[in-house]
Amino acid sequence: MSTSDNGVKRISSGGPWEDVIAYSRAVELPNGTVLVSGCTSVVDGVVAYGNPYDQTVNSFDVALAALAQVGLGAEHVVRTRMYLTHARDVEEVGRAHKKLFDDVRPASTMVIVAGLVDPNLVVEVEVEAYRGGAA
């Protein structure tokens, strides 16, 4: 984790694409907002293919691990975004989201997209959290 002069903290997960593309896994703003970059189903640095439900849980686990680096958890999540490659996966992705955030009920968006960086990935997620209080 690095902190800039303006109080912005940048969190790295050590993922291989962070240096190649030049992004942070998450960024914490001085106001307590934490923005987590798009996360896919990567387990121990390897893409974990599987059904839409499992990919969604894995993707959110990556995002929640980034939040944990700054002492936050699912209860701090205020917004989620889910990018799906197939409309047929809405129910399974939604079921995984409900499993993780049923008690939190963040603002949420689900969008169908043409594709992701790996054609075997069916979902990518983004998370925003707020340190100022539990959701």
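Which residue forms a salt bridge with arginine 81, the closest N and O atoms being 2.8 Å apart? That residue is glutamate 128. A salt bridge here is a side-chain nitrogen of Lys or Arg within 4 Å of a carboxyl oxygen of Asp or Glu.

The model is predicted, with local features needing pLDDT of at least 70, side-chain atom pairs counting only at pLDDT 80 or more, and totals for chains, interfaces and linings using all residues. Residues are numbered from 1 along each chain as its sequence is written, and side-chain values use heavy atoms, with hydrogens and water left out.

**Salt bridges**

A search of the whole structure finds seven salt bridges, including these:

| Pair | N to O distance |
|---|---|
| Glutamate 126 and arginine 81 | 3.4 Å |
| Glutamate 128 and arginine 81 | 2.8 Å |
| Lysine 98 and aspartate 102 | 3.1 Å |

Shared partners join Arg81, Glu126 and Glu128 into one network. Partly exposed denotes a relative accessible area between the buried class (under 20%) and the exposed class (over 50%), with a 1.4 Å probe and protein chains only. Glutamate 126 is partly exposed at 23%, as is arginine 81 at 22%. Lysine 98 is partly exposed at 47%, and aspartate 102 is partly exposed at 29%.

**Nonpolar core**

A nonpolar core is a set of buried Ala, Val, Leu, Ile, Met, Phe, Trp, Tyr and Cys residues joined through side-chain atoms within 4.5 Å. The largest such core has 23 residues, of which Val34, Val36, Leu67 and Val127 touch the most other members. Beyond its neighbours within four places in sequence, leucine 67 is in contact (heavy atoms within 4.5 Å) with Val34, Val36, Leu72, Gly73, Val77, Val127 and Ala129.
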